[in-house]
Amino acid sequence: MEPTNARIPFLAKIIFSSRWLQLPLYLGLIVAQVVYVYHFLIELWHLVGGTATHQLDETGIMLIVLALIDVVMISNLLIMVTVGGYETFVSRMRLDTHPDQPEWLDHVNASVLKVKLAMAIIGISSIHLLKTFINAEQYDTKTIVAQASIHVIFLFSAVAIAWCDRLISQPVHNKAH
């Protein structure tokens, strides 16, 4: 019996193998993750130091905490794109028996990844908008309206993505009898 690989045409092998060109992109996202960890530690240091020396008021503490949450949410987004993208578009990670396998990884596909990314972007946008509202005196009205408008656009985009995904994933029913 002939091995399955021998039946795949040469051009198809090249095209299929080209998915590995994405590997440096995912490795780059891991480097970006390291940068965000460094940024998180710097922000945490400012929070602890500013609180210990009584240089931060409640608003200052809240803004730094929101910045920390923002970094965590962006970091979560990086993990979703790195792990989910690699698993979906490059190669299976075969983590089925690993005790730390993320719950969402067993049912990840391009559609699920798009919806999760849209939701993560809305969460990040919400944090930025909240930081702007808390510190509104530092911004002009035009900037606040622009940020709120962009957030609403993100919301509508996420709903549209989820709705389209639902339409695509629904089975087609034959209406002709």
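From the N terminus on, the elements run α-α-α-α-α: the chain has five helices and zero strands. Here helices (H or I, at least four residues) and strands (E, at least two) are DSSP runs, numbered from the N terminus. The radius of gyration is 22 Å, well over the 16 Å that the globule rule gives for 177 residues, so the chain is more spread out than a compact globule. That radius is taken over C-alpha atoms, and the rule is 2.2 Å times the number of residues to the power 0.38. Along the principal axes, the C-alpha atoms fill a box of roughly 75 × 45 × 30 Å.

Keep in mind that this is a predicted model, where local features need pLDDT of at least 70, side-chain atom pairs count only at pLDDT 80 or more, and totals for chains, interfaces and linings use all residues. Residues are numbered from 1 along each chain as its sequence is written, and side-chain values use heavy atoms, leaving out hydrogens and water.

Buried residues make up 24% of the 177 in the chain; buried means under 20% relative accessible area, exposed over 50%, and partly exposed in between (1.4 Å probe, protein chains only). Contacts (heavy atoms within 4.5 Å) tell you about reach along the sequence: of those between residues at least 6 apart, 69% join residues at least 24 apart.

Now for the spot on the surface. Leu11 sits in helix H1 (residues 10-17), and it counts as exposed because its relative accessibility is 57%.
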